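Me: I would like to learn to read this model feature by feature. Please give me the general idea each time, then the case here.

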Amino acid sequence: MRYININLILVALFFVMAGLSSCKSNEPKYKNYLFTYFTGNSGDEEAIRYALSSDGYHYYALNGNEPIIDSKDISSTGGVRDPHILRGEDGKTFYMVVTDMVSANGWTSNRAMVLLKSSDLINWTSSVINIPKTFPEEFGDVVRVWAPQTIFDEKTNQYMIYWSMLGSEGPDIIYYAFANEDFTGLSTVPKQLFYSPTNSACIDGDIVFKDGKYNLFFKNESEGGGIRKAISDKLTEGYVQQEGFYDQTDEAVEGSGIFKLIDSEEYILMYDLYASGKYQFTKTDDLENFKVVDEEISMNFHPRHGTIIPITENETQTLINKWGSLENDAIVGITSENIKTRNVVIDGPGKSIYLPLKPSAELSNLDLKIELVPWADSYELSSNDFSSGFQTLTLTSGENTKTYQVKAALDNNPVLDGFYADPEVLYSHKTNKYYIYPTSDGFTGWSGTYFKTFSSDDLINWADEGVILDLKKDVEWADRNAWAPAAAEKKIDGDYKYFYYFTAAQKIGVAVSDNPQGPFVDSGKPLIDKRPEGINGGQEIDPDVFTDPISGKSYLYWGNGYMAAVELNEDMVSIKENTLKILTPDQTFREGTEVFYRNGIYYFLWSEDDTRSPNYRVRYATANSPMGPLNIPENNLILEKRPDDGIYGTGHNSVIKKIGSDEWFIVYHRFNRPKGITMGDAAGFNREVCIDSLEFNEDGSIQKVEPTISGIKPIER
């Protein structure tokens, strides 16, 4: 018989378990997420930025959304894009690769990528790899090197870098090469990793390994224009393109990136909806079926093509200690329903906050609902009563505090909640209400596809009446660029009819409704689809409709770069033959004609400069008839920017008078205040609608308008 020494077994088990426990405790415990990204195509937007998240869904920019590395210090062009970050196999070294590029130089202007290495996520060494110079025989004709990424190859124990390249002839192809040991260069000649079977361009590759397969997500650039996937059981070869697309949108996308949620079997696939300035997040557990989770996502910044990795609590604190302070945008937002949140002015250096309130707000009892970045502990407001003036707001983070002086005021500009532009205003005798018909804004490149309307009794409180015309659903001849509408009310056979003239795909259509709030039914074809004879440039956009109170005739005006006018037939949906006239006033005319009548004078207003320019502004002329000729006053500039109040880009207006009076108002758009002036070209498609008084001199000339923050007072019946 054999005897087992239980004590020895217990001792042995103790050391085994202790060893396992020790190994487990040495493994990094990931708690948070680091998002690396860039923000745009101008200035220092092409630079690496950081944001943090504790759950993978809610992200907060570090360093006030400013770059964490100066692009000029690491690149050959002065700008970098598409940052991809990877934790090394040792768990403590980080590798980042970026596109070395300034987009203003053109989309075939870059030849290099930048390789970066760090042990703390703060201090980075870098090397520029110019592909044509490094491999002149093989790749001397390369005209762009885009979106590099890094993955560890367990077979060779090397870091593999893969990216897309375009030679003198297309399409873009995804290549790979191995990095040298110190991650300062490439140790192998680039080889083709993936080539589209349909000969379409492939960019923005991202590889994730799951269930023994390498999944290569990429953008199909020239055929279909979406996110596709190829699969292989080997990292460096054999990728087979799968059927269909993996993005969950009809919008243009790029820059897909995928990461696994901490302590989960679920993955997030995100991609850049670059045409509309948004990011979309989708969730999957099998890399095949994806569900949009955008409603669960929040960010206090607008990223472009980036990547996300999990990080430890110690790494998180290191980043916060470096770039997360009360000095850098600690206030994420003020979400009170009584505040015009898009117009809050937070002046960090000046330690002041300005809160523009909605008309329904009560100054004496204002709940701010302040959202702070995660590294700010709390805030304290001296009082919720702002009726007597300033209050004090104190933020706390550990032992640090910061104090702001907070002022609140009832401001009526902007009058609509959200981004809207090119406002047309109309009074309906059927409903006895005013209506604003704007361009739905906030879409990069003016890419909106639907129109809404808003109604009001007093020109201050506006009710959202919803979508009245959707190009993708309601219009057969165009599905893009829903711009700059105009509207008219006319009594036909004893009933009021409403005619809606709109821009779509740089053509002008007309839709009809029995009610001012729609819905409107398209006529089925464009009303204006070509340039007038003799006009060689410009666009067929920005309609305006005017019914002459003297003759009862109606006229349509339009044009970008030229002002055209025609008489409409009585049906309001067709043009009277042989009535076309070109009325372009002078070289200041850009677009946005507005015609109205007062005391025997026909007024013609228009916008000068570009809607993306801070100097976008309004001029006017007069005439003795709706078809001109135009008389241009010597001082005809009536609306322009007001920098002292942070008001810029004031233009594309309409005009309305209070029914039964000679009190007039100008309805126009401006850049978002306060952020618009910092947004570059993007300010031109993040605009908001305002109303101010329009006054006249005794001789009928228009007085210069002062654009205001406070706006007008509610009008009374």
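**Reading the model**

Reply: Start with a sheet: 4 strands in the order E29-E30-E31-E32 make an open sheet with antiparallel pairing. Strands (E, at least two residues) and helices (H or I, at least four) are DSSP runs, numbered from the N terminus. Two strands pair if DSSP finds at least two bridges between them. This is a predicted model, where local features need pLDDT of at least 70 and side-chain atom pairs count only at pLDDT 80 or more, while totals for chains, interfaces and linings use all residues. Residues are numbered from 1 along each chain as its sequence is written, and side-chain values use heavy atoms, with hydrogens and water left out.

Me: Which strands stand at the edges of this sheet?

Reply: E29 and strand E32 (463-470). Each has a single partner strand, so one side of each lacks a neighbour in the sheet. On average, neighbouring strands are turned by 25 degrees against each other, direction ignored. Axes are lines fitted to C-alpha atoms, for helices over the stretch in contact; angles run from 0 to 180 degrees between N-to-C directions.

Me: How many bridges link E31 and E32?

Reply: Strand E31 (residues 450-456) pairs with E32 over 5 bridges, in the antiparallel sense. Lys452 has Val467 in E32 as its bridge partner.

Me: What is the strand order in the open sheet that includes E8?

Reply: E8-E9-E10-E11, 4 strands with antiparallel pairing. Strand E8 (144-153) and strand E11 (191-194) are the edges; each has a single partner strand, so one side of each is without a neighbour in the sheet. The twist averages 35 degrees from one strand to the next. Strand E10 (residues 173-178) is joined to E11 by 3 bridges. There, Ile174 stands opposite Phe194 in E11.

Me: Where is a hairpin with a positive phi in the turn?

Reply: Between E6 and E7, with 5 residues separating them; Leu121 in the turn has a positive phi of about 70 degrees. Strand E6 (residues 112-118) and strand E7 (residues 124-130) pair antiparallel over 7 bridges. Lys117 has Thr125 in E7 as its bridge partner.

Me: Is Thr36 buried or exposed?

Reply: Buried means under 20% relative accessible area, exposed over 50%, partly exposed in between (1.4 Å probe, protein chains only). Thr36 is at 0% relative accessibility, so Thr36 counts as buried. Thr36 belongs to strand E1 (residues 30-38). Leaving out residues up to four places away in sequence, Thr36 touches Arg49, Tyr50, Pro83, Ile85, Met96, Gly306 and Thr307. Contact means heavy atoms within 4.5 Å.

Me: Which residues of helix H5 are buried?

Reply: In H5 (residues 313-323), they are Glu315, Thr316, Leu319, Ile320 and Trp323. They cover an arc of only 135 degrees around the axis, which puts them on the same side of H5. The arc is that of the directions from the helix axis to the C-beta atoms. The face turned away from the buried side of H5 carries the exposed Asn314 and Asn321. The cover over the buried residues of H5 includes E1 and strand E21 (304-312).

Me: How many cavities of 30 Å³ or more are found?

Reply: Rolling a probe the size of a water molecule over the atoms shows where empty space is left. On a 1 Å grid over the protein atoms alone, a cavity is a set of points where a 1.4 Å probe fits but cannot get out; lining residues have an atom within 4 Å of a point. Grid points are joined across faces, edges and corners, and a volume is the space filled by probe spheres set on the points. The search of the whole structure finds 1 such cavity. The largest cavity has a volume of about 60 Å³. Its lining includes Asp422, Pro485 and His652.

Key
1 Å grid on protein atoms, 1.4 Å probe; cavity = no way out; pocket = protein on both sides within 12 Å on 5 of 7 lines; lining within 4 Å.
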